[in-house]
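Please view the sequence and the structure together before reading on.

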Amino acid sequence: MCGIIARVGSGDAVQELLTGLENLEYRGYDSAGIAVKNGDGPTVVKRQGQISQLRDVLDEDLPAGAVGIGHTRWSTHGPPTDENAHPHTDEHGRVAVVHNGIIENYNELRAGLQERGHEFTSDTDTEVIPHLVEEYLDEGHSPESAFRETVRKLSGSYAIAMLVAEEDAIYATRRGSPLVLGLKEGKYFLASDVPAFLDFTDDVVYLDDGDVVVVDADGHAITDLAGNPVDRSVQTVDWNPEDAGKSGYEHYMLKEINEQPTALRQTLRGRADPLTGEITLEDFPPGTFADVESVQFVACGTSYHAALAGANVLTERGVPAQAFIASEYATAPAPLTGETLVVAVTQSGETADTLAALRRATAAGARTVAVTNVVGSTAARECDDALFIRAGPEIGVAATKTFSSQVVTLSLLCKRIAQDVTGDSNGDVRQLLEALSELPGDLQQVLDESTAREVAEEYAGSDAYFFIGRGSAYPVVLEGALKFKEISYEHAEGFAAGELKHGPLALVTPETTVFAVFTGRNDEKTLSNVKEVQARGAPVVAVAADADANDEIAEFADAVLSIPDTHHPGVAGVLANVQLQLVAYHAANLLGRPIDKPRNLAKSVTVE
Ligand code: AGP
């Protein structure tokens, strides 16, 4: 959580820092601040609230400086106030620091500093850092040495950038929180994520845990904490700045929903050939998984729902597979052997719960694969192998296009695993590949013809929204409910359709709108469950293929959100999910919710 940016080089830093912070706002948005060097020492401006509020303050009194740092916060220690906003400084304003992560030993460090006479102005864990640096500077250390000595004292997770009065340079490091370096002819950026500086450069160095970076206008140096040089290559990212902008849409979420046909074409490019029935997955040629005996998926939130879909594909083909909520897995890992493959599904590649689960699996000797959207992310680098979903940058806190790309990527990966494990080279692969080749076009049809907005209007004001489905529809209804609750703040729950009668049916009244998802398999049983809720007076919205052909579904449903007939339940689930994304979006929009920045949430959850 939290986003940090730093910038050094020719020209003024402030506008570029603000652009960077706006591009990072998805990581936190309860307060923001910058510090720039303008001769005497860092000038700090910070405010509670969104970055637009910081901009208003800066418009009135704009500091100048070519070197600066910035931060957008998602509170972990102390409420979102001006005092708790970053950057934090020492008592004399010599040192300014921005930090993403948690300093776990801050209580002990703070107590020691207080005993030595330091006074603190915030509740944050971060504030100990500039105070420690100040002590080392007072002892005669150079800024770089003071920074290194301070970092040696920290435990926990952090990405830190520091500015000091003495030098026109930035000092930065990471451990457990992301930090990337952007380079452009005499200008350098450090940030939590690439979109922060994509407007200025696409040349990137992905830093590793323990790297210490010093940048000034003349260049950059990357070393380990002891000062030994480390070699990190420069990579050019193929995202363009428009991909990270809103392109005229009112919200990133709506833009990203509409980008799904393009995202899926990218996901599928070169990987699926319906004519030959062949799957080509970069680092995973046939035979890669021949030794695998079982598969465990670890993931959180939307990615967990995609993982459930992946586990379904494997169990259907007779490969033992299970999806785990990563935080539970990290607490109590499932038993595994050296032949267990652990697949971490994470859009960002930085989710702390997923990384913790992954590390438990690695320590137990499992082979690991990351399925992620972010090249250079921690998950991609810590796993034995990585498979990228290629959805392009996703800014909206509510994951949309990455879910579709995850499900499609996992369906290909799981078919490859199943082929290797069972030795059955064909199976039902061709049917999947045919449905996937039509998917971008089918999805465009859903986007063009959806009546989700009318449905959202019709059922606005319900007491609760339930989502039910079976088999391949089950992950979809969990995801539909998550999307609905996180952006509308209305009560929404997803249930296995058959489970409803074992308890949740007690909650169903005429004021409970029930969304029932049909994917072409087990539809009759789901229809029985629909009849059960209708008997209690609940309105039912069916999400189903070609309503005309499904006369019985259309007869019982109060409304139908139609999807093209794919003849493949897994692929039908992706289309049904898009209808539910649109319903959630329009319901939240009608309620005037801040759709891209839902309360209490952040895009990348880097705390456990
Ligand atoms: C989904 O809309 C949420 N933003 C959230 O559940 C998210 O999917 C979860 O935090 C996992 O994130 P990851 O894919 O980056 O690991």
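## Basis of the description

The model is predicted: local features need pLDDT of at least 70 and side-chain atom pairs count only at pLDDT 80 or more, while totals for chains, interfaces and linings use all residues. Residues are numbered from 1 along each chain as its sequence is written, and side-chain values use heavy atoms, with hydrogens and water left out. Helices (H or I, at least four residues) and strands (E, at least two) are DSSP runs, numbered from the N terminus.

## The antiparallel sheet

Eight strands form an open sheet with antiparallel pairing, in the order β3-β2-β4-β1-β10-β9-β11-β14; two strands pair if DSSP finds at least two bridges between them. At its edges are β3 (42-48) and β14 (235-236), each of which pairs on one side only. Within this sheet, β2 (residues 31-37) and β4 (residues 67-73) are joined by seven bridges in the antiparallel sense, and Val36 has Gly68 in β4 as its bridge partner.

Helix α1 (residues 14-24) lies across β1 (3-9), β2, β4 and β10 (187-191), at about 155 degrees to β1. Angles run from 0 to 180 degrees between N-to-C directions, and axes are lines fitted to C-alpha atoms, for helices over the stretch in contact. Helix α2 (residues 51-60) lies across β2, β3 and β4, at about 130 degrees to β3.

## The parallel sheet

Strands β17 (residues 294-299) and β19 (residues 340-346) pair over five bridges in the parallel sense, with Val295 opposite Leu341 in β19.

## Helices α15 and α18

The axes of α15 (residues 473-488) and α18 (residues 569-590) come within 9 Å and cross at roughly 15 degrees. The two helices are therefore roughly parallel to each other (angles under 35 degrees count as roughly parallel, over 145 as roughly antiparallel, 65 to 115 as roughly perpendicular and the rest as oblique).

## A loop residue

Asn105 is in the loop between β6 (95-103) and α3 (106-115). With a relative accessible area of 11%, Asn105 is buried (under 20%; exposed is over 50% and partly exposed in between, with a 1.4 Å probe and protein chains only).

Note on methods. Contact = heavy atoms within 4.5 Å.
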